[in-house]
Amino acid sequence: MATESGNTIEALLEEQRVFPSPEEFAKNAHVNADDIFAQAAADPEAFWASVAEELHWFKKWDQVLDESDPPFFKWFVGGKLNITHNCLDRHLTSWRRNKAAIIWEGEPGDQVVLTYYDLWREVSKFANALKGLGVKKGDRVTLYMGMVPELAIAMLACARIGAPHSIVFGGFSAEALADRINDAQGNVLVTCDGGWRRGGIVPLKQMADEAVERCPTIESVVVVKRIGDEASIEMQEGRDHWWHELMESAGLRCEPEEMDAEDMLYILYTSGTTGKPKGIVHTTGGYSTQTYLTTKWVFDMKDDDVYWCTADIGWVTGHSYIIYGPLQNGATTVMYEGAPDFPGRDRFWDIVEKYGITILYTAPTAIRAFMRWGDEYPAMHDMSSLRLLGSVGEPINPEAWIWYHTNIGGERCPIVDTWWQTETGAILITPLPGYTATKPGSATKTFPGISAAIFDEAGNVVPEGGGYLVLQRPWPSMLRTIYGDPERFKEQYWSRYPGVYFTGDGAKIDADGYFWVLGRVDDVMNVAGHRLSTMEIESALVDHQSVAEAAVIGKTHELKGQAVSAFVLLKEGIDPGDTLLDELKKHVAQKIGPIARPDDIFFTADLPKTRSGKIMRRLLRDVAEGRALGDTTTLLDANVVDNLRGQYEDSEG
């Protein structure tokens, strides 16, 4: 990525607003001084070792970091532990034994609270049930479920016996599920008879049955009864087992398997640029250490907090920051099964009020939807319990940040805008509340012990300006490989700059050393020799009072190389028209410069998004270029692309 000056990347966010950490918050924050950063920078290995000392190990490590075979780095070599001992057992000897570990709310309104003792018991029982099905250490178990307590129990049970779990989001198709099972060679599948979504039934068991027909390694399917008779499922004798029946006969105690620090904890599949999903492998020791500390410091986690990460456990955010990170800290973590707008658009705020949520961690996609729906919905509820807000999943545009700060945080809650990836396992760039002054739209600075930089094309460090975001040193929770494909691992992440991890994200760094993540590199356009970020133009569009959400792509142009095309969702009650279209083009030119003025703006009712809420700009480029669509298995609604294609072709015709 080039680092041209002028009104391009440097104009991304000429963001002058700075929000110092509130004094009252800082007084009791876990991190409120410079010395931690200095110590971590001086000796990162010693820093991470001191963190690992806070966890329970059956055997301490012999070496903190083994760099002898890059990029296959190893952490806490020779150490033995089990992440579920740190999530469960170690809390049972204190008052936390009877503390709420998981508060769960189903979409229809049913509720379950599991104390740490309850969770330990249920995990132990299901671990024994898995053993009864023949699951051994090293076997892969696939979980394809809705957001129910049994999903948390199942993943912890797998970890307890050393069987790596592969969680497949419950919205994926049967084909996508089969592909992931076959890649991981899983022999047990755990699913539900169905799930609830906006009042309708998600046919999980039916999809699972269709997938298993193409999965010769699957020997057993365990089914949670979530829906009941309405699900209308079939149980195959000898293969299918009801969860509740297995649990009735399972033993109450299951000692945790002693796992090597480098033993595989889980595989999680993420979309690749080629369309073929990548099985990201995370191991036990380093991942435990970094998810533990980032949860504690980034969210300033305290014993009396009620913490809600609104992600689905099917994504890495749910792995690290609904289950493993919070439970290692002895926190109370909230799970919710359904949609944010069912039965009403105030469902999230109702949950915040009902459970006295103190920490809320959600995605910019959701925040922009809340903005679009209107301020009246959060205003219906008392959310004074909130003391900290977080953002995850993609860069957050400044206006969404300000809305979140004002309407949800009441202008009193620090916001932690976090950058990390499935591959990184844990948060790497983030404010630390109580310490870091924040700027709307910036993930601010690296977490202690992390070394990130901006490189230009040649691999030179860019001290100020735009380029490629890279990681210069190994970190504990890093992916270890792509399952079954170590060569792809090396090529994808370590080949561009030898010895340096290439994140695939473009970013800029400002004069204060703050990082501004621009999004994926293929979301950066070259318009007449100028580098423009899709986020840059999207932020300008969303800054307009009529716009709720926008997606921008670069379309091939004979003269410019690429021209800017924008797909825009308007706020409710706003009528599209030529006058507004011209107004938006002028608005972008005014905010960024004439070079960023969109050639095309299309008003649309929806955008193609993955089931985790990310806009698939790759498909928008396919539409604009008239190409055959790439992989669409991760789309929430494939009809959106067909509608856009028809609209686009009509405009071109």
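The largest cavity is lined by I83, C158, A159, G162, A163, P164, M259, M264, L265 and T284. A cavity here is a set of points, on a 1 Å grid over the protein atoms alone, where a 1.4 Å probe fits but cannot get out, and lining residues have an atom within 4 Å of a point. This is a predicted model, with pLDDT of at least 70 needed for local features and 80 or more for side-chain atom pairs, while totals for chains, interfaces and linings use all residues. Residues are numbered from 1 along each chain as its sequence is written, and side-chain values use heavy atoms, leaving out hydrogens and water.

Back to that cavity: about 40 Å³ of space lies in it, a volume being the space filled by probe spheres set on the grid points, which are joined across faces, edges and corners. Helix α6 (149-161) and strand β14 (264-270) each supply at least two of the lining residues; helices (H or I, at least four residues) and strands (E, at least two) are DSSP runs, numbered from the N terminus. The lining has 8 nonpolar, 2 polar and no charged residues, where Ala, Val, Leu, Ile, Met, Phe, Trp, Tyr, Cys and Pro count as nonpolar, Asp, Glu, Lys and Arg as charged, and the others, Gly among them, as polar.

In total there are 2 cavities of 30 Å³ or more.

Now to the rings. The structure holds 40 aromatic pairs, meaning rings of Phe, Tyr and Trp (its six-membered ring) with centres within 6.5 Å; planes under 30 degrees apart count as stacked, over 60 as edge-to-face and the rest as tilted. The rings of Y468 and F502 sit with centres 5.6 Å apart and planes at 70°, so this pair is edge-to-face. It ties together distant parts of the chain, with Y468 in β22 (residues 465-471) and F502 in β24 (residues 501-509), 34 residues apart. R496 lies over the face of Y468, 4.4 Å from the ring centre; for a charge over a ring, NZ of Lys or CZ of Arg is within 6 Å of the ring centre and within 35 degrees of the ring normal.

W494 belongs to a cluster linked by ring pairs, together with F72, F73, W475, F489, Y493 and Y501. In helix α16 (residues 486-494), R488, F489, Y493 and W494 are buried.

Notes:
Buried < 20%, exposed > 50% of the residue type's maximum accessible area, 1.4 Å probe, protein only. 1 Å grid on protein atoms, 1.4 Å probe; cavity = no way out; pocket = protein on both sides within 12 Å on 5 of 7 lines; lining within 4 Å.
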